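Student: Can you walk me through this one? I'd like to start with a helix and go from there.

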Amino acid sequence: MIPCQRSLFDIPDEITYFNCGYMSPLMTSVSEAGIRGIMRKSNPWELSPVDFFTESAEARRLFAELINARESDIAIIPAASYGLAVAARNITIEPGQHILVLQDQFPSNIYCWQELCKEQDGKIKTIEAPANKDWTSKVLAEINTETAVAALPHCLWTDGGLLDLEKIGARLREVGAKLVLDVTQSLGAMPLDIARIKPDFLIAAAYKWLLGPYTVGFMYIAPDHQDGIPLEHNWINRKGSEDFSTLVDYQNDFQPGAVRFDMGQRANFALMPMAVTALRQLLDWGVENIYETLTARTTLIADAGRDMGLSSVPLSHRAGHFLGLEFKGGVPKTLLQALAADKIFVSARGNSLRVTPHLYNNDQDTARLIQALEKVTGR
Ligand SMILES: Cc1ncc(COP(=O)(O)O)c(C=O)c1O
């Protein structure tokens with residue numbers, strides 16, 4: 001268990017922030033890295049060509065370590081939607097085949113597949129939410145030889161419903177289907193091992209559980225797909241781009257590995273050092289330890305919620321860092337506003353109040369949230 005890390009953040013005592021699934025606050029060290037990065041652009045005569053490569057290489061290396069991949073398997077992207085578009089651009093489906101998605105999945109992991117189906121005469125097959133909360137069995141039951149792709153999260157962004165990606169990945173390989181993962185709502189808080197799950201593509205935006213800046217993300221591309229087509233063709237992804245004096249010796253070849261899929265201007269001097277600082281801290285804490293610590297906090301809140309008649313997905317089928325407290329008749333319309341007036345910040349998704357803590361939360365936060373919910377439910 002990791003002790004409370006609130007002092008690393010700039011969060012006033014009276015703020016109770018249980019909304020990491022919306023956007024994480026930045027650690028002070030991360031904001032400072034960003035400010036230093038902005039100031040470098042004030043003095044561009046101090047930036048040399050090598051600076052366009054070093055920070056992004058370090059970010060790639062750290063992200064690779066987080067998921068047990070190789071640095072050369074990682075591309076730098078600005079948003080989950082960009083990474084998912086890269087995946088969709090590099091997947092071919094046979095007419096009539098389907099792409100599996102979950103009911104109420106996040107839209108960035110839906111629209112690109114709808115477009116692919118239009119272009120290639122495929123179908124979207126939406127898996128309905130299981131009454132018993134067991135998404136894994138439901139997904140496994142839907143995979144067959146007609147499946148071209150499963151485009152999935154590790155846990156659902158509304159209530160934290162969990163998928164066993166190792167089992168699902170193995171079944172998809174049996175039928176020759178691809179696995180594309182958007183792990184924006186889990187990576188950094190929940191352990192994940194590429195070598196066990198073996199996805200074709202994995203995408204994560206950095207501004208939630210990776211504790212990084214907005215408009216930065218990372219993408220894993222399996223070696224089999226690394227000769228694919230990038231979304232855009234920029235100069236830095238081509239062979240020999242380190243030598244600025246020969247850039248107009250236009251190159252057909254790319255930099256090795258997944259680098260060819262990097263977004264343009266990936267050497268972002270303000271945002272990249274922020275991502276690097278945040279990734280270093282996550283690795284330092286250890287994702288398993290983060291997961292265990294956050295699970296303990298959501299379990300306390302889930303138990304208190306149950307006593308108030310607010311159900312949640314049982315821990316056996318829920319990601320530990322994530323909690324949805326379900327209100328039978330829907331989340332009361334004025335609840336978020338009332339909680340915000342008390343400086344308690346959560347989200348509402350569907351019928352659930354989404355409670356997503358991080359290491360900055362303390363026992364006082366938990367007590368304040370429970371007390372506020374007791375007031376609303378009258379228990
Ligand atoms: C599951 C999931 N994926 C991705 C995102 C962000 O998508 P994008 O980076 O395309 O804005 C969110 C934001 O809430 C999300 O919940």
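Tutor: This is a predicted model. Helix α5 (residues 135–142) lies across β3 (98–102), β4 and β5 (147–152).

Student: What angle does α5 run at to β4?

Tutor: About 150 degrees.

Student: And which strands does helix α2 lie across?

Tutor: Helix α2 (residues 51–67) lies across β2, β7 (201–205) and β8, and runs at about 120 degrees to β2.

Student: Back up to the sheet. What order are the strands in?

Tutor: The order is β2-β8-β7-β6-β5-β3-β4, seven strands in an open sheet with mixed pairing. β2 (74–77) and β4 (123–127) each have a single partner strand, so one side of each has no neighbour in the sheet. On average, neighbouring strands are turned by 20 degrees against each other, direction ignored.

Student: How many bridges join β2 to β8?

Tutor: Four, and the two strands run antiparallel. One of the pairs links I76 to F218 in β8.

Student: Now α6. Which of its residues are buried?

Tutor: In α6 (residues 165–174), L165, I168, R171 and L172 are buried. They lie on the same side of α6, because their arc around the axis is only 130 degrees.

Student: What do they pack against?

Tutor: The buried residues of α6 pack against α5, β5, β6 (178–182) and α7 (194–197). After α6 comes G176, with a positive phi near 75 degrees.

Student: Last topic: which residues are around the ligand?

Tutor: A79, A80, S81, F106, S108, P153, W157, D182, T184, Q185 and A205. By class, that shell has six nonpolar, four polar and one charged residues.

Key. Residues numbered from 1 in each chain as written. Predicted model: local features only at pLDDT ≥ 70, side-chain atom pairs only at ≥ 80, totals over all residues. Near = placed C-beta within 6 Å. Nonpolar A, V, L, I, M, F, W, Y, C, P; charged D, E, K, R; others polar. Pairing = 2+ DSSP bridges. Axes fitted to C-alpha atoms, helices over the stretch in contact; angles between N-to-C directions. Contact = placed C-beta atoms within 7 Å. Buried ≥ 20, exposed ≤ 12 C-beta atoms within 10 Å, placed from the backbone. Arc of directions from axis to C-beta.
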